Amino acid sequence: HLADAGISIEGGPKAVKVDFEKVMESVRRVRAQISHHDSAQRFTKELGIDLFIGRGKFTGERTVTVNGRTLTFKRAVVATGGYPTLVPIKGVKELHQQATTDNNGDKPRPLVMTNETVFNMTKQPKNMVVIGAGVIGLELAQAMQRLGTSVAVLGRSGKVLPKEDPDMAQIVKEQMIKDGVTFRLSVVEYRNVALTGKVLDNGYPEMKVTVVEKGESAPIDLVCDALLVAAGRRPNVTGMDLEKASIVFDTKEGLVVSDKLQTTNPRVYGVGDCCSQYKFTHAADFMARAVIKNAFFFGKEKMSKLLIPYATFTSPEIASVGLYGSDLDEKGIEYRVIEKHFKDNDRAICDNATTGFIRFRVDAKTDKIYGASIVGNNAGNMISEVTIAMQSDTGLGKLANVIHPYPTTAEVVRQAGDVYNKTRLTNTVKQV
């Protein structure tokens with residue numbers, strides 16, 4: 001992009017140096033700044049909440065204990081979140097324990113990580129293997145590749161971002177391939193992960209990941225000094241004696257909750273990753289708001305009424321809200337697709353960022369929006385306008401009347417409304 005704009009760097013791309021330690025210091029500094037929102041200090045001193053730090057356990061349908069103290073409640077909320085799943089591959093659990101405990105003595109620790117520990121890195125790995133081609137795996141794979149680490153992504157399904165529309169996910173994959181990321185998405189067996197006995201000059205022990213791919217008779221060895229396991233998350237619902245409170249749960253699916261987020265003990269509610277398929281911070285936020293209304297103010301808030309957008313922060317980004325085409329097909333709802341591409345958007349042309357488009361799924365006979373997806377730069381910011389429209393039951397045709405500043409990439413939302421309105425014109429009007 002710089003070269004196209006007439007700007008050159010003396011020495012070419014190799015002249016750009018990455019100080020990985022400083023990059024990670026910056027990341028940790030930002031995380032520390034953000035962490036105040038969830039800090040004990042904020043909850044106690046700013047919000048006036050009585051905070052008990054310790055392992056809480058239910059002792060009955062209306063009591064919990066923490067640090068030997070029994071607390072009686074009228075209402076309670078379980079908001080214990082989730083934890084990364086360590087895939088059952090020979091050697092992974094043992095190496096992850098070596099990486100995260102202090103029992104390794106003076107031996108170098110293998111760099112086996114999840115999304116919870118990846119930001120603890122201080123030295124840059126040379127080669128990283130990522131197990132999992134979902135949101136977390138792709139976001140971190142692309143970031144590490146762009147920082148100079150050689151990255152390989154492994155998966156079983158043959159797809160990346162399997163929840164998203166395949167053509168949109170393919171755009172992200174193609175960009176990551178251009179960045180240098182390699183993909184092996186037809187793994188049928190993860191054999192094992194083992195140390196090779198070699199320690200690299202960055203201090204990380206070398207590892208070998210052995211897999212078998214579809215159609216291949218011989219296993220393949222991938223040598224790396226960093227392994228990121230990004231194969232999903234599980235709800236954190238054990239170790240709390242939920243049974244004593246008559247709370248039904250499943251270790252894979254989490255707490256069993258009603259549409260009002262009540263557990264099988266009507267005095268206890270669930271919020272966030274421990275009971276929801278939407279494992280996002282913003283989803284947990286609005287679940288918590290619903291629980292406050294339902295538990296204390298006779299509210300009638302329902303989980304099924306929450307319209308939750310989400311985004312994958314790769315480059316380009318993908319953002320979606322509402323129902324996908326596959327959802328509508330499954331429900332037997334007739335719909336049509338309206339699209340507008342960034343290659344026709346003046347701001348995207350100016351920014352040399354014309355890859356991607358917006359896709360609306362609207363009712364077959366009206367402009368009611370069932371869902372939408374965007375792939376492109378800043379898609380995560382743009383999806384909010386669509387979310388507002390859906391929340392307020394504003395149809396796609398009416399979005400054509402919303403004036404946007406020129407030039408902005410968000411104009412594709414309005415322009416998609418124009419595309420829809422043109423489909424409603426009679427032949428006579430079209431001729432005029």
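Guide: Leu-161 is buried, at 3% relative accessible area. Buried means under 20%, exposed means over 50%, and partly exposed lies in between, with a 1.4 Å probe and protein chains only. This is a predicted model, in which local features need pLDDT of at least 70 and side-chain atom pairs pLDDT 80 or more, while totals for chains, interfaces and linings use all residues. Numbering runs from 1 along each chain as its sequence is written, and side-chain values use heavy atoms, without hydrogens or water.

Leu-161 sits in the loop that runs from strand β8 (150–154) to helix α5 (166–179). Helices (H or I, at least four residues) and strands (E, at least two) are DSSP runs, numbered from the N terminus. Now the angle. Leu-161 is not a glycine, yet its phi is positive, at about 45°. Most residues other than glycine have a negative phi.

Look for Asn-352 in the loop between α8 (346–350) and β21 (357–363). Its setting is partly exposed, with 33% relative accessible area. Leu-161, by contrast, is buried at 3%.

Most peptide bonds are trans. The bond from Ser-315 to Pro-316 is cis, with omega near 5°. Pro-316 belongs to the loop that joins β18 (310–312) to β19 (317–322). The bond from Tyr-406 to Pro-407 is cis as well, with omega near -5°. Pro-407 lies between two helices, in the loop from α10 (396–399) to α11 (411–423).

Now the charged pairs. A salt bridge puts a side-chain nitrogen of Lys or Arg within 4 Å of a carboxyl oxygen of Asp or Glu. The whole structure holds 18 of them. One network of salt bridges links Asp-165, Asp-167, Glu-339, Arg-359 and Arg-361.

Asp-351 forms a salt bridge with Arg-347, and their closest N and O atoms are 2.8 Å apart. Both partners are partly exposed: Asp-351 has 38% relative accessible area, and Arg-347 has 32%.

Glu-213 and Arg-184 also form a salt bridge, with 2.7 Å from N to O. This pair ties distant parts of the chain together: Glu-213 is in strand β11 (205–213) and Arg-184 in strand β9 (182–184), 29 residues apart. Glu-213 counts as buried because its relative accessibility is 12%. Arg-184 is partly exposed, at 29%.

Finish with Arg-233 and Glu-116. Their salt bridge has its closest N and O atoms 3.6 Å apart. It too links distant parts of the chain: Arg-233 lies in strand β14 (233–235), Glu-116 lies in the loop between β6 (112–113) and β7 (127–131), and 117 residues separate them. Arg-233 counts as partly exposed, at 23% relative accessibility. Glu-116 is also partly exposed, at 44%.
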